[in-house]
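Here is a short briefing to read beside the sequence and the model.

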Amino acid sequence: MHVLVRGAGVAGLTLAHELVRAGVRVTVCDTRSGPAGSASWLAGGMLAPWCERESAEEPVLTLGKSAADWWEATLPGHVLRNGTLVVAPARDRAELDRFAARTSGHEWLEGEAVTALEPDLAGRFRRGLFFRGEAHLDPRRALTALVEGLRKAGVRFVCEMEVEADRIADCTGMAAADPELRGVRGEMLILRTQEINLSRPVRLLHPRIPVYIVPRADHHFMVGATMIESDDAGPISARSMMELLNAAYSLHPAFAEAKIVETGAGVRPAYPDNLPRVKRTPEGISVNGFYRHGFLLSPAMAREAATLILNERVEVFDEAHG
Ligand SMILES: Cc1cc2nc3c(=O)[nH]c(=O)nc-3n(C[C@H](O)[C@H](O)[C@H](O)COP(=O)(O)OP(=O)(O)OC[C@H]3O[C@@H](n4cnc5c(N)ncnc54)[C@H](O)[C@@H]3O)c2cc1C
């Protein structure tokens with residue numbers, strides 16, 4: 001069987017990986033020549049099912065718990081299992097209680113315990129929530145490594161859309177012709193500073209604009225992200241830029257001297273319940289609607305989608321052989 005995967009974002013690449021593992025011939029096509037610019041390229045790379053449960057449905061936790069293991073097994077060395085720290089400015093301490101009440105898998109940290117975890121935040125936050133089981137990765141390194149691994153395994157990457165295949169898997173995100181999908185715009189920044197070190201994603205709660213900062217290699221920090229009901233992928237707005245920078249500054253004033261290395265806006269494809277779906281289509285399947293959880297949920301959805309394609313193959317084989 002030959003499957004054409006349309007879309008080389010995290011949804012398409014994880015599915016291609018699962019299919020190749022099962023011995024299926026795969027071609028991946030994308031309208032872009034590389035992954036830069038897709039929603040996946042702009043992601044924070046947090047694998048944070050317990051934190052996300054604060055505003056997400058139960059499947060995000062149940063399906064997302066195994067994501068870090070999948071990424072580690074697929075791309076050894078890419079996953080950092082340092083947990084997530086959640087803090088709030090003194091005036092928003094009630095936000096921390098509310099967050100704790102809506103989530104599980106955390107432990108309370110008081111005073112010195114916050115400092116022990118992140119020494120550069122010494123004296124800034126008297127309480128925090130630590131989600132020990134969570135992890136993160138650098139999405140750009142992960143996507144690039146997935147492509148490399150797939151190429152080595154014989155997968156062809158093409159730009160043309162018309163490729164003969166037995167089945168087509170549509171993983172084109174917002175470009176998919178699915179009237180149920182809507183866009184949720186997410187703006188982000190990448191800052192660089194040597195003045196502060198963090199070992200894990202830190203979420204700063206705020207009633208209006210909760211933000212997170214994800215440390216990356218070479219003193220880079222991803223600051224994200226807005227959540228705007230819009231499919232506009234245009235440049236970041238001045239307001240969002242100010243809010244994200246303000247949040248970074250309130251986490252630590254050293255961010256005021258950071259260099260702004262990059263700004264970006266991606267559109268998260270989402271279904272009405274904000275949960276991803278594997279759907280049958282006339283040509284095969286579609287895997288879409290990852291919303292805030294592309295890296296978190298694509299492993300589970302890729303397994304489900306690959307199983308559907310493979311079972312279909314068994315059904316077709318059975319029919320052909322009586
Ligand atoms: C700022 C931000 C932060 C985020 N942080 C996180 C996070 O920390 N953790 C997490 O799990 N998720 C996060 N997400 C969500 C995650 O990025 C998305 O859920 C995910 O990227 C969706 O992946 P996708 O492959 O469905 O879509 P995309 O990444 O958009 O990929 C779709 C691909 O299809 C291609 N395409 C379009 N049309 C065609 C066509 N006709 N034929 C072939 N190819 C086509 C596009 O070029 C693109 O490469 C974040 C998102 C944003 C915007």
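H219 sits in the loop between β12 (211–216) and β13. Its phi is positive, about 65°, although H219 is not a glycine. This is a predicted model: local features need pLDDT of at least 70, side-chain atom pairs count only at pLDDT 80 or more, and totals for chains, interfaces and linings use all residues. Residues are numbered from 1 along each chain as its sequence is written, and side-chain values use heavy atoms, with hydrogens and water left out. Helices (H or I, at least four residues) and strands (E, at least two) are DSSP runs, numbered from the N terminus.

**Backbone**

- A cis peptide bond joins G224 to A225, with omega near -20°.
- A225 belongs to the loop between β13 (220–224) and β14 (228–229).

**Ligand site**

- The ligand is surrounded by 35 residues, and D30, S40, Y291, R292 and F295 are the closest. A residue counts as near if one of its heavy atoms lies within 4 Å.
- By class, this shell holds 18 nonpolar, 13 polar and 4 charged residues. Ala, Val, Leu, Ile, Met, Phe, Trp, Tyr, Cys and Pro count as nonpolar; Asp, Glu, Lys and Arg count as charged; the others, Gly among them, count as polar.
- A polar backbone atom of A39 is 3.3 Å from a ligand oxygen.
- A backbone N or O atom of G44 lies 2.9 Å from a ligand nitrogen. For G294, a backbone N or O atom is 3.1 Å from a ligand oxygen.
- The protein buries 92% of the 1000 Å² that the ligand exposes when taken alone. These accessible areas come from the Shrake-Rupley method with a 1.4 Å probe.
- Elements giving two or more residues to the shell are α1 (10–21), β10 (182–192), β15 (259–270) and α9 (294–320). The most come from α9, with 3 residues.

**Packing of α1**

- Two packed helices are described by the angle between their axes and the distance between the axes. Axes are lines fitted to C-alpha atoms over the stretch in contact, and angles run from 0 to 180 degrees between N-to-C directions.
- With α4 (residues 67–74), the axis of α1 comes within 13 Å and crosses at roughly 65°. V10, T14, H17 and E18 of α1 meet W70, W71 and T74 of α4; contact means heavy atoms within 4.5 Å.
- The contact of α1 with α4 has 3 nonpolar, 3 polar and 1 charged residues.
- With α7 (residues 139–152), α1 packs at about 35°, the axes 10 Å apart. The contact uses V10, L13, T14, A16, H17 and V20 of α1, and L143, L146, V147 and L150 of α7.
- The contact of α1 with α7 has 8 nonpolar, 2 polar and no charged residues.

Definitions and conventions: Polar contact = N/O pair within 3.5 Å; in protein donor to acceptor, adjacent residues only side chain to side chain.
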